[in-house]
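The following paragraphs go through the structure chain by chain. Please keep the sequence and the model open while reading.

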Amino acid sequence: MNTRSIDVPLTPSTRDADAASDPEYLAWSAARKRRAMRRRVLPVLGIVGLMVLWWAAIEVLHVKPFIAPSPGAVLQTLIDKRAVLFDNLWPTALEAAGGFLLGNLAAIVVATVFIHNKTIEDIFFPVVLAFNAVPLVAKAPVLVLIMGNGMEPKITIAALVCFFPTLVNMVRGLESVNPQAMELMRVLSASKTEIFFRLRLFNALPYLFSALRISASMCVIGAVVGEWVGSTVGIGALILQATFNFDSPLLYAAIVMSATLSGAFFLIVTLAERWVIRWQPESVH
Amino acid sequence: MAAVLSTAAPAIACRDIGVRFFTERRDVTAIKALDLDVAQGEFLTLLGPSGCGKSTLLRVVADLQPPSKGSIRVLSVAPDAARANRDIGFVFQDAALLPWRTALQNVELPLQVGGGAGRKGRRSPMELLELVGLKDRANAYPHELSGGQRQRVSIARALVCDPKILLMDEPFGALDEITRDRLNVEIRQVWKETGVTILFVTHSIHEAAFLGQRVLMLAANPGRVREIVPVDLPDDRTLDLRETPAFVQLTAHLRRVLESC
């Protein structure tokens, strides 16, 4: 009984034989390449356009250099003062990365405790909410007073800003398991540990990665804000110094550095997500 | 009401089973005073309108839902013992495959949790995939499979520990008719090859008549046994059977009973 041939999806191997001469396939393939090109070219166009606009605005309106520099002046500063910029980037990067790891790890652990113990969740979730309601710039001085002027308060601030989004997403991911899959686990007499590691954790991974993307830029913000409260090194300190000195090219160069740092963290998270989550249809990415 | 087909101890014995649910606004009697014996190796289909407790009955047998009164024995023991013993396989309506596992890894799941490693059946997961016709799709993820293929994988998964009882809760309800017909023929073959006892919940009169040796008809509000209809059809069933007078007569009878439920 040959009943299986109907619903076998088309695999590349069934197509390869006459792909080169099939006009419909060639048209589809060309259209696909055009779409891929567009995806790459258009964002570059947007950024280049913004640069040109910025440069034109400075030139046409005769903006004073200490108010806003031209793109060329910022580029020149990035090259000339790269030693100073990188010396200040490393502490910030370390603080942000440390906060990212610490905050997210803590959020994952707390989420795991919350979904297994409703009582603890009911008691402590309002506390977490209250902490989160305090503005970041208000938390920073408090932590500096308690922890001193080293890296620790900055790492803690970065961790705190990462903690909340990840906690909320992780709890949702661990809880929103397909109810039938849950019943399947019960029919199989699976233990709570087995349900956690074989079902809940995998179910939570897509939620976790959406939170990590948010954390990737938030942790840099946290570190920079931490450095604003009495610090002599770091991108945050550099931004303050440059502002007080009316050194606008250095200020903008520092901004570019911190944005690049956020972008790099974001890129790492996105690559990690692609590497970890391989079971979803391509359209989801 | 309870008819016993063989002299051996029944696979499932329900005595005066009742199930009540309470919600804030309602008090639902899903099943009221149900008596039922299912013989070992029997293929019983459960047919009835929505809310007649067909699915609830399966869930009671699988120990997913405790009855609020009455007693139930599954293979002469309590349902939780039968479950712990891996004597029960369950096929859900939406296949319930884990999306991060390939077809083969999904079939292997019952061997990896709940002390399942020691309960390997006669057939390996790969042989079961072959039995349901998916040997060449073993490494495909669920999103790469069609609805029918996913349901076949879940049937293979339910069989991997050689259960004595297979509970199927509207497994083909979401499939198109052609796929459904094909799977109906296949599940009859699986039943014959494995000798497993099957309880099969369906909304379809044709499916109930084509698959079962008996059709348990339930009435709704409260859920109770309306009639148990013996299916007097040859054991070797092909889809052509559905055009024979005997089959048409049977489905006509089922329809009349269903309308009076």
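Two strands are taken to pair if DSSP finds at least two bridges between them. In this predicted model, strand E1 (residues 12-22) of chain B is joined to E2(B) by eight bridges, and the two run antiparallel. Within this pair, Phe21(B) has Val28(B) of E2(B) opposite it.

E1 and E2 belong to an open sheet of three strands in chain B, with the order E2-E1-E4 and antiparallel pairing. Strand E2 (27-38) and strand E4 (69-74) of chain B are the edge strands, each pairing on one side only. From one strand to the next, the twist averages 25°. H1(B) packs on this sheet and touches E1, E2 and E4 of chain B. The direction of H1(B) makes about 115° with that of E1(B).

Chain B has another open sheet, of six strands, in the order E5-E6-E7-E3-E8-E9 and with mixed pairing. Strand E5 (88-91) and strand E9 (224-230) of chain B stand at its edges; each has a single partner strand, so one side of each is without a neighbour in the sheet. Here the twist averages 20° from one strand to the next. Inside the sheet, strand E6 (residues 165-169) of chain B and strand E7 (residues 197-202) of chain B run parallel and are joined by five bridges. Met168(B) stands opposite Phe200(B) in E7(B).

Which helices pack on this sheet? Helix H1 (residues 54-61) of chain B is one of them, touching strand E3 (43-47), E6, E7 and strand E8 (214-219) of chain B. The direction of H1(B) is at about 150° to that of E7(B). Helix H8 (residues 245-259) of chain B also packs on the sheet, where it touches E3, E8 and E9 of chain B. Between the directions of H8(B) and E9(B) the angle is about 170°.

Chain B is divided into domain 1 (1-87 + 166-261) and domain 2 (96-162). The C-alpha centres of these two domains of chain B lie 24 Å apart. Eleven residues from domain 1 of chain B and eleven residues from domain 2 of chain B make up the contact. On the side of domain 1 of chain B that touches domain 2 of chain B, helix H6 (residues 177-194) of chain B gives the most, with five residues. By class, that side of domain 1 has seven nonpolar, two polar and two charged residues.

Chain A is likewise divided, into domain 1 (12-61) and domain 2 (71-284). The centres of domain 1 and domain 2 of chain A, taken over C-alpha atoms, are separated by 32 Å.

Two helix pairs of chain A share helix H8 (residues 192-228). How do the axes of helix H6 (residues 152-175) of chain A and H8(A) cross? They come within 7 Å and cross at roughly 160°. Angles over 145 degrees count as roughly antiparallel, so H6(A) is roughly antiparallel to H8(A). The crossing of H6(A) and H8(A) is right-handed. Their contact comprises 20 nonpolar, eight polar and four charged residues.

The other pair is helix H5 (residues 136-147) of chain A with H8(A), whose axes come within 9 Å and cross at roughly 55°. That angle makes H5(A) oblique to H8(A). The crossing of H5(A) and H8(A) is right-handed. In this contact, Leu136(A), Val137(A) and Ala140(A) of H5(A) meet Gly222(A), Val225(A), Gly226(A) and Trp228(A) of H8(A). Five of the residues in the contact of H5(A) with H8(A) are nonpolar, two are polar and none is charged.

The last step is the interface between the chains. In it, 25 residues of chain B are in contact with 22 residues of chain A. On the side of chain B that touches chain A, helix H2 (79-84), E5 and helix H5 (147-159) of chain B each supply at least two residues.

Terms used: Residues are numbered from 1 along each chain as its sequence is written. Chains are lettered from A and ligands numbered from 1 in the order in which they are written. This is a predicted model: local features need pLDDT of at least 70, side-chain atom pairs count only at pLDDT 80 or more; totals for chains, interfaces and linings use all residues. Helices (H or I, at least four residues) and strands (E, at least two) are DSSP runs, numbered from the N terminus. Axes are lines fitted to C-alpha atoms, for helices over the stretch in contact, and angles run from 0 to 180 degrees between N-to-C directions. Two residues are in contact if their C-beta atoms, placed from the backbone, lie within 7 Å. Angles under 35 degrees count as roughly parallel, over 145 as roughly antiparallel, 65 to 115 as roughly perpendicular and the rest as oblique. A crossing is left-handed if the near helix is turned anticlockwise from the far one by less than a right angle, and right-handed if clockwise. Ala, Val, Leu, Ile, Met, Phe, Trp, Tyr, Cys and Pro count as nonpolar, Asp, Glu, Lys and Arg as charged, and the others, Gly among them, as polar. Domain bounds come from an automatic or database domain assignment.
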